[in-house]
Structures are given as structure tokens and as C-alpha cells.
Amino acid sequence: MDSEGQRPASNPTAILASLLSKREKLQEELRSIEKQVYELETSYLQDSTQCGNVLKGFEGFLSSSKSTT
């Protein structure tokens, strides 16, 4: 039995069409997730330039906190 509770089709063409459809859906979902990750990383790197970030270090954050004390 299939995980969706349906009997698998005995026609190889139908099985292939179903698998290709699932593959396309998963590829589209992956593209969407990759785009979201790219946008979040870009936002992080742009928003954290004043205080520092993982790539540039946090010297700006430390120097700005010393000047306010």
C-alpha cells in the first residue's frame, strides 16, 4: 500500500507520471526554500554591518558599547 492510503497504479506510465509530478513539486519547494535562505542571509549581512556580524567580526559592537558607558 502507498503511504497516502491508495493502491499504487499497475501502469508503469502512470507511476512514472506520478513520480515526475512529485519530483517537480519537491524541486519547486526546494527553490522556494533556497530563495528564502538567500534573502534572510542577505538581510542579516546588510542589517548587521554597523555592529558586526559573523564574517566581519564584532569590533564595531564592542567599540560602540564602550563609547556609551
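Guide: What follows goes through some labels and the values behind them; the model is a predicted one.

Visitor: What makes up the secondary structure of the chain?

Guide: The chain has 2 helices and 0 strands. Of its 69 residues, 6% count as buried. The chain exposes about 6,400 Å², and carbon and sulfur atoms supply 58% of that area.

Visitor: What caps the N-terminal end of H1?

Guide: Asn11 does, with a side-chain oxygen 3.1 Å from the backbone nitrogen of Thr13. The cut-off for a polar contact is 3.5 Å, so a pair of N and O atoms at that distance can be counted.

Visitor: Which residues does UniProt mark as "coiled-coil region"?

Guide: The unreviewed UniProt entry places that feature at residues 16-43. In the model, the span of residues 16-43 is 100% helix and 0% strand, with its end C-alpha atoms 40 Å apart.

Visitor: Why is the contact between Arg31 and Glu24 called a salt bridge?

Guide: The label needs a side-chain nitrogen of Lys or Arg within 4 Å of a carboxyl oxygen of Asp or Glu. The closest N and O atoms of Arg31 and Glu24 are 3.3 Å apart, so the pair qualifies.

Visitor: What other residue does Arg31 meet in a salt bridge?

Guide: Glu28, with 3.1 Å from N to O. Glu28 and Arg31 both lie in helix H1, 3 residues apart, which is about one turn of the helix. The structure holds 2 salt bridges, and Glu24, Glu28 and Arg31 are linked in a network of them.

Visitor: Why are Arg31, Glu24 and Glu28 called partly exposed?

Guide: Buried means under 20% relative accessible area and exposed means over 50%, with partly exposed in between. Arg31 has 41%, Glu24 has 42% and Glu28 has 45%, so each of them counts as partly exposed.

Visitor: Which residues form a nonpolar patch on the surface?

Guide: Tyr44, Leu45 and Val54 do, with about 280 Å² of accessible area together.

Definitions and conventions
Residues numbered from 1 in each chain as written. Predicted model: local features only at pLDDT ≥ 70, side-chain atom pairs only at ≥ 80, totals over all residues. Heavy atoms only, no water. Patch = residues over 30% accessible without salt bridge, like charges linked within 9 Å, V, L, I, M, F, W, Y side chains within 5 Å. Areas by Shrake-Rupley, 256 points an atom, 1.4 Å probe, with all protein chains shown as cover. UniProt positions renumbered as here; feature names shortened; annotations may be inferred. Helix = DSSP H or I, 4+ residues; strand = E, 2+ residues; numbered from the N terminus. Buried < 20%, exposed > 50% of the residue type's maximum accessible area, 1.4 Å probe, protein only. Polar contact = N/O pair within 3.5 Å; in protein donor to acceptor, adjacent residues only side chain to side chain.
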